[in-house]
Amino acid sequence: MMKTFKQLALASTMLAVAGTAAFAAEIKVGSVAGVTGPIAELVVPIVAGRQLAADQINAAGGLLNGDTLTMVLADSQCDPKAGVDAGTKVVNVEQVVAIVGASCSGATNGMVQSVTIPAGVVAISDSATAPSITDLDDNDLVFRVAASDAYQGSALAQLAWNNGYRTLAMTYANDDYNAGLAGVFEVSFKALGGTITANQMHEPNKASYRSELSTLSGNGAEGLAIFAYYGGSGIAIMRNSLEAGLFEKFLAADGMFDQSVIDQIGADVLRENIMITQAASDYDDPSYLAFANAFEATGHSPQAPYAAHGYDATFLIALAIEKAGSTDRAAISAALREVANPPGVVIRPGEWAKAKAALAAGQDVNYEGAVGQNDFDDNGDVTGLFSVNVVGTDGKWTGDLIR
Amino acid sequence: MDQLYGYFLYGLSLLTFGGIYAMLTLGLNIQLGFTGLFNAGIAGFFVVGAYVSAILSTAESERHLGGFDWPIPASLVAAMLVSAVIGWAVARISIRLRADYLAIATLGIAEILRLTFKNETDLTNGARGVSYIPKPYENMPEPWNQILMAAVVLAIVAVLYFLLERARKSPWGRVMSAIRENEGSARAAGKDVDRLRVQAFVVGAAMMGLGGGMMAHYLKFIDPNAADPTTATFLVFVMLIVGGSGNNKGAILGAILMWTIWSATEIFTSMLPGDLAIRSAYVRVFLIGLMLQIMLQKFPDGLLPEKRLQSSDSR
Amino acid sequence: MIDFINFYLIPGIVLGSIYALGAIGITLTFGILRFANFAHGEMMTLGAYLTLTMMWLTGWHPLVLLPVAMVLLALVAVGVDQVFYRPFRNSPAVVVVIASFGLMLMIRSVTQFSWGAQLQAFVPGIQRPTIFFDVLRLQPKHIIIITSAIVLMGIVHYLLTHTRIGKAMRAMSDSPELARLTGIDTELVIKATWILGAATAAAAGVFLAFDSHVSTMMGFQILLPTFAAAIVGGIGRPYGAMAGGLLIGITEELSSYPWIGDVPLLSPGYKAGVSFAIMVAVLIWRPSGLFRGRVF
């Protein structure tokens, strides 16, 4: 049977070579995301971020010998079944050399454990933040540019403490992302000496949260920490608590970071009353600005959650392909850490031509992405930077890096 | 890597997914096809089977109850038993309900079961799910691991098919279709109709539990989203209706065919550029819905309609 | 005590009114066409989006536009019925339910394709409550929702009891065979059912959006509690649906009230389960529902 495969392999390789000899080849990278499903509204800018990276690379000479980088979209629906199916499709049918994705931590867990790790395909997640991904037994095939919840949860707790909050109520949406983040936050805030007066899980996508909020406000608290997606329940909770006069001050993490929060609740109400941490970038950093200007031109907000992460993950894979000098999956996985971590010529978003030249000259490169250093540790995780965002005078979010 | 080999592996994954869904459609076929029980709570038995098998077979973990490191076959048997017991309890309270009422009651019970697994975080790790579920033959070299995984699933489906065909042609199966066709005369003939319905419901629930358990092992990861009613209940109905309700071959064909369509249509829509690819994900769902309508209108009995038993079939 | 009224009872009544309006359509299709219409949630969503689009075009208040949305949605429902449900008039219930499931997928993808997955709001910003007698907090929009719901339910009641077509609808829901024998034009009654169902669905969708926001999954998210409301009230009984809606809405909110001690009686994670539990209990102990509806 094995022999038959090899004959088939040989035959079709010859076909492929014959078919493409005259053209520059197409190199496919899987772009797995929860296009439909519970976070559909968050996924649109993330996919656009990935696409921007591919477009810039193709415009600046493409991969290897002028080959085109094609992002193959597959829908993980935030469901592990669909995640496994999407992974199987891009790995086997589309023959992708690497994968960016797959949005939700649950779908990512299924996809990498069941498909990509056994197949030896490297996957960089741009938005799966569950701590459980850190300790996967992954043969160095699972990376992520989104920092684990462990970092953001404690960053938010520290921020709350530094801003004078001593007693907080908290509520979290019962999903893989928010439940993990809330757990870390609770532990960190208590460790600092703060008091959690009430901690209440809620089911996302309900029409009203007034009764939950009334219970939460019962013991008196200076503010409410919300861990939720803005669309699933976050906006509804803020609206309900403001309208009912239960909470005026809010803390939140990046699932709540979206312009529509301000647009729907109102800038005047929120100004001075909300702080959101976001896995983000130094907004004054040239790397971020390079990304932000290009992304804004495509009609998306550069601050959209995880859009910059999508860009960086795609750019890193392209660098790894270039560095490996081939589309061999194992070589790409091996090259990934080298192009992400120092030492090397610093490459910023959009600087594909520079990176290509440096690599061609045999130099090392070190990608400094839109979201930060992107230096992978032994688990394939990054520390990540966080910004604190408040409502600015123009009715938009304005952020400062937490230093 | 080579394209044809890739298609071959994708084909195996279609067969594996389709085969696991076939366990669900065969289970539904006993309930709906044979006996006329409109169980819309497939996702509930699916999630029970998946979590029972996952928790029993994983290595010990501090994230959830257990794990108990059981061998996979033992944990699958346990998944069937627990699903059967829950199926029995559900049947006891709701079996007298007719058609749509039973459907809505079971749909509600399934949501309650799913919420329980989602909220009892200490037992199940809640929304964060259970990882490191062992997969049969995962340590074999590729492609043998995938061939054997598909083979195990298809072998189970074949065994179930064989047993169900035997059951259908047995006196038990004949009484079942008699109940479905004309309950009154079955009662008049002295049959304990409710008891027989409970039996059919329990057997079907056990098979759905088996399907859930198999899915957990195949995915190596399970969370409550995997038991979303759209893909764990409605899709199963679509598969059975398209294949042919009341026909075991149809149930299997429908599962594999519909899964293939559900999955493979994306290969074409993702060829579209940029934003269009995202929008086309919605179009794909539209086309699946439309195809279902056309199927229902043109082939209301499914691709393989039920064959009514003739008296000569009894031996 | 006043917290109980402000934060549990009033939200429960608002939610209950929305469920009740949705449940009218479900109970009518269930009673007259004899199937559980899973696409009803998407009809509510579509009603909200149609209203939103007209708001963008005209800038008028959603309540002013609601009658237009009702008419548009009724046209959609009648058209959908002709193409997708009419062929199944004599099919078993399971086939029609599956057809409605397929339709649910189709309508949802049309909505997502046309309006995108982004959240939208009718009226941005928040509305502070008006405070009565120093303690009772009522938001203007809640007063609007509750009063409009009562008015609409009154109209439904009038149509069903005082018009020829309404009486025919009730007759057909009680006994289709008898209705046919007495020469009722069944196709006309079915059309009226869809129109009334779509109009109330549009109202439910618009009120839900008015209270929170517009999203492509909003209707589906309240579909199952709406089913529960229809069942609890009794199939084919519009008054039952109204009572059932209020009952389900209020119990959902009250289930997490700290009845004993300081902690919620039931974790809000199980809130959605409460409506199903009531529904299953009603199905088992009183399958005809509170208002003695039909049992098939």
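This is a predicted model: local features need pLDDT of at least 70, side-chain atom pairs count only at pLDDT 80 or more; totals for chains, interfaces and linings use all residues.
Two residues are in contact if their C-beta atoms, placed from the backbone, lie within 7 Å. Residues are numbered from 1 along each chain as its sequence is written, and chains are lettered from A and ligands numbered from 1 in the order in which they are written.

**Chain A on its own**
- Among contacts in chain A with a separation of 6 or more, 71% join residues 24 or more positions apart.
- Chain A holds 14 helices and 14 strands (DSSP runs numbered from the N terminus: H or I of at least four residues for helices, E of at least two for strands).
- Its radius of gyration, taken over C-alpha atoms, is 22 Å, which agrees with the value near 22 Å for a compact globule of 403 residues (the rule is 2.2 Å times the number of residues to the power 0.38).
- The C-alpha trace of chain A spans about 70 × 45 × 35 Å along its principal axes.

**Where chain B meets chain A**
- Here 43 residues of chain B are in contact with 39 residues of chain A.
- On the chain B side, H1(B) gives the largest share, 9 residues.

**Where chain C meets chain A**
- This contact takes 37 residues from chain C and 31 residues from chain A.
- Helices H1 (2-33), H8 (186-211) and H12 (271-285) of chain C each give two or more residues to the side that touches chain A.
- The largest share of that side, 6 residues, comes from H1(C).
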